[in-house]
Amino acid sequence: MAGAEGDDSLYPIAVLIDELRNEDVQLRLNSIKKLSTIALALGVERTRTELLPFLTDTIYDEDEVLLALAEQLGSFTVLVGGPEFVHCLLPPLESLATVEETVVRDKAVESLRKISQEHSPVDLEVHFVPLVKRLASGDWFTSRTSACGLFGVCYPRVSSTVKAEIRQHFRTLCSDDTPMVRRAASSKLGEFAKVLELDYVKSDIIPLFTALASDEQDSVRLLAVEAGVSIAALLPQEDLEDLVMPTLRQAAEDKSWRVRYMVADKFSELQKAVGPEITKNDLVPAFQNLLKDCEAEVRTAAANKVKVFCESLPEDSRETIIMTHILPCVKELVSDTNQHVKSALASVIMGLSTILGKDNTVEHLLPLFLVQLKDEYPEVRLNIISNLDCVNEVIGIRQLSQSLLPAIVELAEDAKWRVRLAIIEYMPLLAGQLGVEFFDEKLNSLCMAWLIDHVYAIREAATCNLMKLVEKFGAEWAQNTIVPKVLGMANDSNYLHRMTTLFCINALSEVCGQEITTKHMLPVVLKMSTDQVANVRFNVARCLQKIGPVLDSSALQAEVKPVLEKLATDQDMDVKYFALEAISVLALA
Amino acid sequence: TSAAAPPVTSQTCQTLHDSLFQSMDLDRGTWIDSAFLSLRFSELDTRKINNSFLRDHSYATEADIISTVEFNSTGELLATGDKGGRVVVFQREQESKNQPHRRGEYNVYSTFQSHEPEFDYLKSLEIEEKINKIRWLPQQNAAYFLLSTNDKTVKLWKISERDKRPEGYNLKDEEGRIRDPTTITSLRVPVLRPMDLMVEATPRRIFSNAHTYHINSISVNSDYETYMSTDDLRINLWNLEITNRSFNIVDIKPANMEELTEVITAAEFHPNQCNTFVYSSSKGSIRLCDMRTSALCDNHSKLFEEPEDPSNRSFFSEIISSISDVKFSHSGRYLMTRDYLTVKVWDINMESRPLETYQVHDYLRSKLCSLYENDFIFDKFECVWNGTDSVLMTGSYNNFFRMFDRNTKRDVTLEASRENSKPRAILKPRKVCVGGKRRKDEISVDSLDFSKKILHTAWHPNENIIAVAATNNLYIFQDKVN
């Protein structure tokens, strides 16, 4: 490998190796990230016999270094000599799988799962499975939690004797003393079930699932819900009722709101897994209960699922179920005491109109929309407004416009600037759906008022909003309605408003086109170059730079150039700077 | 006993315990002898420990005052925190044949600065470094973890051992001299060599910015995943792995602070029901909450309160009924509370009145006025259970601490001081006398030293070893070894 005389190519590697233990974490991290370079230089033999043993014992390091190490080792097979030697990577990953930091352990497990695929069936039984067993029977729960994630990858590839052992180990971990391990087992139960033979799913997994779902710890039970969904998807329809449903029903009525929350949160997946019949008979009443739950968190989670749940109901009975079972609950939620519940509902309720069709929407949903549009919490109103497009498709927005307008006006004047910002962002959408006439009549003045809001973020958003409106309604509309008002602000006594004129011109020049820009905007900008406030003057320079490309060259040479040259001799440093920048960008020098 | 009994030592502890309490049953008269007086005296002077650590003067300062004491779940480690923000961890000596008398002695294992004084510039508020509470986490790997808190910030510390270090550089020789890069002809991979044991303490997580008021308690949940931190008005629930988010589970802050009549004084999780916790208040009540019923536990599911005796009512009634500490028994069946003059045991199935009430220093009842004037009446005494929930311990003044046997109803007053007891000698019971006649060995109420108070004590989870913090000194007492 190395020559007798010093070898220049070794130096960078030598630095990398030494920096594996540098005081500076960043340097150690860099070295670890280049571990493959080091291994390549050492060759497969020395990597196996020297580098890996060293790495196995370096688990004292910072989390980020260990995380990088765990990740690197997952793609190290070639560097230790190929699949034949892949088991050499197990010791360092085993020690990483026992550290207390969850992200590091998870990464080590991920890498172990990855390299398990590179083991031959024989190596898997000789090297990998013993490691899994060691972790599974380790003294500390960190190692036992890591083991839970490894059963699934070895199970399909080992002999039936070993399979039996693996099942036994998994069973043991499901009844571990520490909740940490039971949680890990509970969260991997679904995944493990997927690789098991159906008979064993029924004989092994179901009892474990039932036990975990009635664990004394809430945190274990709620993870079992997710496992239940996966298991339900594996079983034939006729077994679901006996094997899974009693437990899931019990979870939906668990004493702990966190478990019920989990059921609500996983409801769509559950619905998919159990199929239409059980959905009709079991899930509909369960969903009703969740929508009426006494804990607001649960109602919020359930409210979020209203649309998806209804969409996935079997077509033959969809409308009936919604109208007779779901809608009454939804009506109650509209006047819930908790704002998060109402807000979650408002974000999905509009979606029901496409499912129910025009007549039902007008008769049943519209009144609800109108109530929510008047809700005391701005977030609820915003959520309704942001989803108007669904209703528009079904019944047209006009049905709503009478209530919409006061709602929008109120949000537009809300004391919280974030609320005002949110409604501005929906303006272009509303304008498109309400049409230019309605807009001019009712909303235009709002859009102009935002330009002189006392919060910069609002003025900025208002400027951007104007541009989008012009894109929708066209340049002619702009010239007639907004350009005169914007330009009028150039004479305002407040310099912030004068600057807003410039910002608007920046945004509008391109969409308005050359004619309007040259004829109407440019003269105003040029006139402002003599403003007494330096901030206005340098924004004139920036504005000219921005609108320059829209102008024709004669206007540039005849009108813009002299003004910029004058600004370039301004006594204010910033004005000079931006003027010179504009001159160079527009190539006017 | 506690669920996390250590695998190795529990046998011996149990034997010790059995014999201890068997003798108690046989001869009630001699019980105090066998149970308490035989506590062997082995004192640790934290000043000495701190000398080598930070301070080079031999007198104790305010910063040396111990502010919390806590055994870990096996009793192998004992942690103390002090007003100077330091945490000192002691480890129990392994039993050795050469020095049998050293069995059970605790020596310094690790010392570190947990909190530093800070200044909140937004509120113009000084934040003391004083460690208010320490709680150990269940052991998860070879390292030990503890939570320590001052008024505002909870920190998770890892205490780990290292006994190997890497040797061999490419670009340096053994003495650290830089090698000429052109002479490098081969690469060297560092090799790990044994070295002297080194104990390191590293901060793993910092949980901050969640408390407007002063944190008085932290408690780790039996789910091993969450803990709660409690201040005067609110209780927050944290995931041990997430520092940027906590959930408020109790909030008693009134909309108008002028309507404030009650503050939270302590809170603790049930030892094995992960959804149950209790908190105590300055009005002498204890509320038990069930986290299953709702996300916000403002509505308690049980309220433990003793009706006030109108004949005993005085200006000080409310102050002395304020609960300074609440502890679940190891079994989870009982609650112990400490107020200014008493320790009470409550059955969690009976809310109307305590099951047992023990007088800690009833002779102070006549002196409440002067105790109030000197602010001593606001001292916050803590209380602890022994491993089998049969004996209670709490502190008093004049370096006295009290133990109460729940079965025999006998009690004893002991003193933690260097002047009045010798190392490895048996402790003598002390007696305070009220009124004129003072017998030999008795001390008069009027000569009690109120500046010497024992606020913090700890009991080994399954042996008769106790740790008592008396201002800047930590005393460890244990059963007499045959």
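Begin at the interface of chain B and chain A, where 23 residue pairs are in polar contact, both residues of each pair being at pLDDT 80 or more. The structure under view is a predicted model.

The size of an interface is often given as the accessible area lost when the parts come together. For chain B and chain A, the area buried between them is about 3900 Å², with 53% of it on carbon and sulfur atoms. To find where chain B contributes, select Leu187(B), Val189(B) and Arg292(B); these residues lose the most area to chain A, and together they account for 18% of what that side buries.

Which charged pairs link the two chains? Between chain B and chain A there are seven salt bridges. One of them may be displayed by selecting Glu100(A) and Arg204(B), whose side chains meet at 3.6 Å, N to O.

Over all chains, a search of the whole structure finds 59 salt bridges. For an example inside chain A, select Lys307(A) and Glu311(A), which form a salt bridge with their closest N and O atoms 3.8 Å apart. Both belong to helix H19 (residues 306-311) of chain A, and because they are four residues apart there, about one helical turn separates them.

Turn now to the sheets of chain B. Strands of a sheet pair through backbone hydrogen bonds, either parallel or antiparallel.

Select S2, S3, S4 and S5 of chain B. These four strands form an open sheet in the order S2-S3-S4-S5, with antiparallel pairing. Strand S2 (66-71) and strand S5 (106-113) of chain B lie at the edges; each has a single partner strand, so one side of each is left without a neighbour in the sheet. Neighbouring strands of this sheet are turned by 20° against each other on average, direction ignored. Within the sheet, strand S3 (residues 77-82) and strand S4 (residues 86-92) of chain B pair in the antiparallel sense over five bridges. To view a bridge position, select Gly81(B) and its partner in S4(B), Val87(B).

The last stop is another sheet of chain B. Select S20, S21, S22 and S23 of chain B: the four strands form an open sheet in the order S20-S21-S22-S23, and the pairing is antiparallel. Which strands stand at the edges? They are strand S20 (325-328) and strand S23 (356-359) of chain B, each with a single partner strand, so one side of each lacks a neighbour in the sheet. From one strand to the next, the twist averages 15°. S20(B) is joined by four bridges to strand S21 (residues 334-338) of chain B, the two running antiparallel. Finish by selecting Val326(B), whose bridge partner in S21(B) is Thr337(B).

Definitions and conventions:
Residues numbered from 1 in each chain as written. Chains lettered and ligands numbered in written order. Predicted model: local features only at pLDDT ≥ 70, side-chain atom pairs only at ≥ 80, totals over all residues. Heavy atoms only, no water. Buried area = accessible area lost by both parts, 1.4 Å probe. Salt bridge = Lys/Arg side-chain N within 4 Å of Asp/Glu carboxyl O. Polar contact = N/O pair within 3.5 Å; in protein donor to acceptor, adjacent residues only side chain to side chain. Pairing = 2+ DSSP bridges. Axes fitted to C-alpha atoms, helices over the stretch in contact; angles between N-to-C directions.
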